[in-house]
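Dear colleague,

Please find below the structure that I am handing over to you.

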Amino acid sequence: MNILSAKWVITCDENFSIIENGAIVFSDKIIDIDTISNIQKKYPNEEIQEAEANSVLMPGLINSHVHLEFCANTTTLKYGNFLDWLNSVIKNRDTLIEKATQKLISTKLDRMKKTGTTTIGAISSYSFDLEPCVKSPINTVFFCEIIGSKADMADTLFADFKSRLESAKQCSSKSFIPAVAIHSPYSVHPFLVRESLALAKKENLAVSSHFLESSEEFEWLHKNEGLFIDFFKNFLNQSTAVTKPMEFLTQFSNVKKLSFTHCVEASNADFEKIKSLNAVINHCPTSNRVLNNSKLDLSKLKDIKFSIGTDGLSSNNSLSMFDELRTALMIHVDENIIEFSKTLLKAATLNGNIALGLNKGSLEKQKDADIISFKLPDEIEDKEDLAMQIILHTKSVNKTIIGGEFV
Ligand code: MCF
Ligand code: FE
C-alpha cells in the first residue's frame, strides 16, 4: 500500500472535484482518497508526507488515438489539404514505416510517459508497433486496423487482419488490450466492416473508426463527387463510394466500447446516430488543423462525450497530451476558458477511459491507480483556475504511477 499527498488533488470525476491538501491511498487500485487530515485519521499507522507547495496529483492522461507506426514523420508529409496529405502518405509510406524502428517507437513512448500519458489507444496498421507497446509500462489498447475497399481483396485482407489480431491476443495482459480499428467509411468494404465487427462483438473488444474527417470525404460518401474521384480512379479503379455515412454507422449497433475519430464533417443526423450508439468522439485538434484547416464543432456534440487524441506524427508535431490540450484550449475560442479547461482535462482522462472501455481516468475508489504528479510554477490565486493553469503550464511530470507501480 502507498500513500501520496499533494496541495491539489484533481480527481477528474464527473463533477471535477478538487481536494485541497489531499491524499491518495493505493495499491494497484485506488483504495481511498480524501483530505490529508482525514486520511491520517483513517490510517493512523501510516506516515503521510506533508503536501509540497504547488504540487498536483491527477489521473494519468489518456491519448485515445495515436498512430505510432507513423512516428518517423516530421517534415515529409504535405499538410493543408486532405487529398494532398493522403497522396503524400501513399508516396512516402514505405520509407516512413521503415524509419519507425522499434527503438524509435520505444523512445516516443518514453517521451509520452514523461509528458503525462499513462494510457494510449494505438491504431496499428501493420503491428510493427506491437513489441514496443507490449514492452512499455504505458497501458495500450491495441487497435488492429482493417482497411481495403475492394471486394476482390476482402478475403485476403480479412485473413491478414485476423492473424494480426491473433498475435495481439497472444500478448494480452492487464496493460495490453487487443481491439479493432476500422479505418474509415471510404476505405473499408462493408463486408470487412461486418465481419470485423462481428468478431469484435463476439469477444467484446473495443472498436474505433475514423469518420468524416474532411469535406472531400463528405462529398465522396454522399455524392460520389470531389477530389476523392481521381484518387479512387487512379489507385483503385473505383468510381463510387462503398457505403453512405449512415449505413456505415448503423453497422456499429451493439458495440459496447466504441469511438469515432475526427467527425469534423458529420451531419446532425450522424451526431444523433453516434449518440444513440453511445460512442465517444476522439477529438484530434492539431490533426484537423494541419490536414484540413478544420475544427470539430463542439456545440453540435450536445450529450456526446469527446476524448482527446494526438493522432500520429503523420498529422502532428508532438505526441504530448499537454501540447494537444493547449492547442484545444487555443482553437476553441467560443468556449469560456476557465470552464472549458475543466472539460478538456475530463476529456483527456475520464472520457478517454470510456472510449477505450477501461477502469481508469479518474481518481476514485476502485479505479486503477494510474496517477501523475507534477508542480505548478507558483501559487494559485483562485482554485477555479487550476485546470486552465495546469493546461497552460505543464510540460512534463515528476512521477508516473501505472497500476500502482512507479514507472
Ligand atoms: O488519422 C490520420 C488521418 N486520417 C487517416 N489515417 C491516418 C492518420 N494518420 C495515419 N493514418 C493511417 C491510417 O491508419 O494512414 C494509413 C492508414 O493505415 C493510410 S490511409 C490514409
Ligand atoms: Fe488517425
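Predicted model: local features only at pLDDT ≥ 70, side-chain atom pairs only at ≥ 80, totals over all residues.

The largest pocket has a volume of about 850 Å³. Its lining is made up of 34 residues, and I90, R93, I147, H183 and S187 are those that lie nearest the centre. Four elements, namely α2, α5 (154-170), α8 (228-236) and α11 (285-292), each give two or more residues to this lining. The greatest contribution is that of α2, with 6 residues.

The ligand

Where does ligand 1 sit? It is found in the largest pocket. There are 15 residues around ligand 1, and S125, E145, H210, E213 and D311 come nearest. This shell contains 4 nonpolar, 7 polar and 4 charged residues. Helix α2 (residues 82-99) gives the most to the shell, with 3 residues; α2 also gives the most to the lining of the largest pocket.

- In D311, a side-chain N or O atom is 2.7 Å from an oxygen atom of ligand 1.
- In E213, a side-chain N or O atom is 2.8 Å from a nitrogen atom of ligand 1.
- In H183, a polar side-chain atom lies 3.2 Å from a nitrogen atom of ligand 1.

How much of ligand 1 does the protein bury? Ligand 1 taken alone exposes 450 Å², and the protein buries 97% of that area.

Yours sincerely,

A colleague

Notes
Residues numbered from 1 in each chain as written. Chains lettered and ligands numbered in written order. Heavy atoms only, no water. Near = heavy atom within 4 Å. Polar contact = N/O pair within 3.5 Å; in protein donor to acceptor, adjacent residues only side chain to side chain. Areas by Shrake-Rupley, 256 points an atom, 1.4 Å probe, with all protein chains shown as cover. 1 Å grid on protein atoms, 1.4 Å probe; cavity = no way out; pocket = protein on both sides within 12 Å on 5 of 7 lines; lining within 4 Å. Sits in = over half its atoms within 2 Å of the grid points. Nonpolar A, V, L, I, M, F, W, Y, C, P; charged D, E, K, R; others polar. Points joined across faces, edges and corners; volume = space filled by probe spheres on them.
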